[in-house]
Every structure is written in structure tokens, then in C-alpha cells.
Amino acid sequence: MPELPEVETVRLGLDPLVVGRTIERVTPADFPGVMGDLAIEVASTRLAGRPIRGTRRRGKYLLFDLDDGEALMVHLRMTGVLTVLPRSAPSERFQRLSIELDNGSDLRFSDQRKFGRVIIVSPDDISGLMTKLGPEPLEAGFDGPALFELVHHRKAPIKSVLLDQHTIAGLGNIYVDEALFHARIHPLRLGSSITADESVVLAEMIRMVLTVGLEQRGTSFSSFRDVYGQKGSNQEQLVVYGRGAGQLPCVRCGSPLARITIAGRGTSYCPTCQKRP
DNA sequence: ACACTGCCCTGCGAGC
DNA sequence: TGCTCGCAGGGCAGTG
């Protein structure tokens, strides 16, 4: 599941391969809805001849800046994969879209579950995206007091609050479970119950798990691959995510981990280290 | 403004 | 062995 470290890993890999290139055309595969309501043929006409000026990431959104302030916005959702391949390379297994570039390479979008999207966005769309999302947790200014301000008035479980992209941008199920474990906070604790002192630790742990995830080039628990089709290695650093169902032992205290559902998401935690509310 | 639910989608693994 | 069925979950629409 691509979260901030995975999306940033993809962006870092793509940037040198696509910036400065010009789009020639867009070739559909078998999923007409991949570009939203816009027909692929229409999109191809709109994109033909336009340059890719740069790449940006906001939360889990990836932006390819075009001319005229427009951009191609990609969200990988659960199983989206972006690769750059020679035009002669065969289609990927779940390929949904191929953006042909002027140097003979293709930017390919593959997505097993058809949740991901590649959308042409206007300058207004982009500024809307920038403002509606919460702060970037790896940028300067994201600290204990800032986190406390974001969560102390919230009456939902802290896990739900941290998953809310309008509150903090880029966290998903994996990194939230990991951060809460390292901060020793039970995922069902209400946002309003988190103290200022706990916010300092939690903000630190959020930054830590994201930084490690980025260093490991992402978590490839299932389908995540980088631009070159390589797996990340952060799954080896995970200590709670995916381990609660089997009641595997807590790495800190040895007692069996537990698994519950919060906000419709599987949630693993240590009932001993993360005290109940 | 906020909280919560259901929907989208399909490969995979558990169970029979 | 082969089948069915539930699970995985990010974002959004709809409801309260």
C-alpha cells in the first residue's frame, strides 16, 4: 500500500527519467476509467506535445507538472505501480495506461485493483489539493505542539485521526500502526485524550517510521514496486503491522499482539505496551 | 465541523 | 484437486 515513503520513492525514481521529456501520446489498455471521466483518446490529444517540467508529491498524490500550470496527478491507491520502460517492452500484467515519451520510453501505469487514477488537473485543482490536505509530516514545523493542535479537539480514535489526510498528509495503515506502537499509544485512544507530552513522542515516532521507510525505499508487503520494478525492504523493519492476526509476540515485551478493526482498517497493536484508554 | 458507513475492485489464501 | 468466500484498504459520497 503506497503511503508517503512509497510515493516519494517512486517520485525520486521517476524524476530523472521523465523531467524534460515531452509527451507524444497516451495509449489505453483495458480500463477506460483510469483517467476519470476523461476518455483516453481525448486525454491523449490534450497531452500530445506537452512537456513534463517537474515532479512533486503532496501526501500520497504524485504530480507531473506540465505547461500552462496544469499537471498530471497520479494516485496509486492500493496496488498502483509506475514504471518507465522502452516502448518495445511488453505490457505489464495489470497495465492500465501507457504515456509515450519523446525519447522512446513509456511511462506505464499498472494497477491490479483499478483503484488508482491518472488525472489531468488544472491550476485550481492543484491549489485545492495543496490546501485541503494536512501538513507534510516530514517537513519542518511538524512537531509535538503542531500535532497536539491537530488532534486535541478530535473525538475519534487517534488511529482514525492519523489516517485522515485532511489532518496529516501521507500516513496510511502501515505507518500509523507502527508509529502508535513506537509511541506506546493505544489506537483506540481518542484524539482528545492525547496529552501534549504524548504528542511530542508521537510526532517524533511518525517522523521516524516515515524516515526509515524512505531509507528502505518503501514497504513491499504485497504489490509495491519502485520505478525499476524493485521491491522496497521496509517490511523487514515492521514490528506490528500484519503481525496481530497471528498473535505474534511483541518485539518489546514478548506478549501476543492483538488485532482489531478501526475505521474499517485492520489494526495490530500490543495490548501490554499500548495501554487501553 | 466532525464522525461514521458503504462502496469501489480483484488476486489470493483459508477452508471445505 | 477444485471450488467458494472473505479479506486487503484510500478516498469519497452519503448520512447523521
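**Figure 1. Cysteines without a disulfide.** A disulfide is taken here as a pair of cysteine sulfur atoms within 2.5 Å, and in this predicted model the count by that rule comes to zero. Take Cys 250: its closest cysteine sulfur belongs to Cys 270 and lies 3.7 Å away, which is too far for a bond. Cys 250 counts as buried, with 4% relative accessibility, and Cys 273 counts as buried at 12%.

**Figure 2. The two sides of helix α4.** Here we look at residues 144–151, where Gly 144, Leu 147 and Val 151 are buried. Viewed down the axis of α4, the buried residues fall within an arc of 65°, so they line one face of the helix. An α-helix has 3.6 residues a turn, so residues three or four places apart point the same way. What does the buried set of α4 pack against? Its partners are α5 (158–163) and α7 (196–215). Over on the other side of α4, Pro 145 and Glu 149 are exposed.

**Figure 3. A cap at the start of α4.** Asp 143 caps the N-terminal end of this helix. Look for its side-chain oxygen, 3.0 Å from the backbone nitrogen of Ala 146.

**Figure 4. Arginines over phenylalanine rings.** Arg 252 lies over the face of Phe 181, 4.4 Å from the ring centre. In another such view, the charged end of Arg 113 sits over the ring of Phe 115, at 5.5 Å from its centre. As for pairs of aromatic rings, a search of the whole structure finds zero.

Note on methods: Residues are numbered from 1 along each chain as its sequence is written. Chains are lettered from A and ligands numbered from 1 in the order in which they are written. This is a predicted model: local features need pLDDT of at least 70, side-chain atom pairs count only at pLDDT 80 or more; totals for chains, interfaces and linings use all residues. Side-chain values use heavy atoms; hydrogens and water are left out. Rings of Phe, Tyr and Trp (its six-membered ring) pair if their centres lie within 6.5 Å; planes under 30 degrees apart count as stacked, over 60 as edge-to-face and the rest as tilted. A charge sits over a ring if NZ of Lys or CZ of Arg is within 6 Å of the ring centre and within 35 degrees of the ring normal. Buried means under 20% relative accessible area, exposed over 50%, partly exposed in between (1.4 Å probe, protein chains only). Helices (H or I, at least four residues) and strands (E, at least two) are DSSP runs, numbered from the N terminus. The arc is that of the directions from the helix axis to the C-beta atoms. Contact means heavy atoms within 4.5 Å. A polar contact is a pair of N or O atoms within 3.5 Å; within protein, one must be able to donate a hydrogen and the other to accept it, and residues adjacent in sequence count only if both atoms are side-chain atoms.
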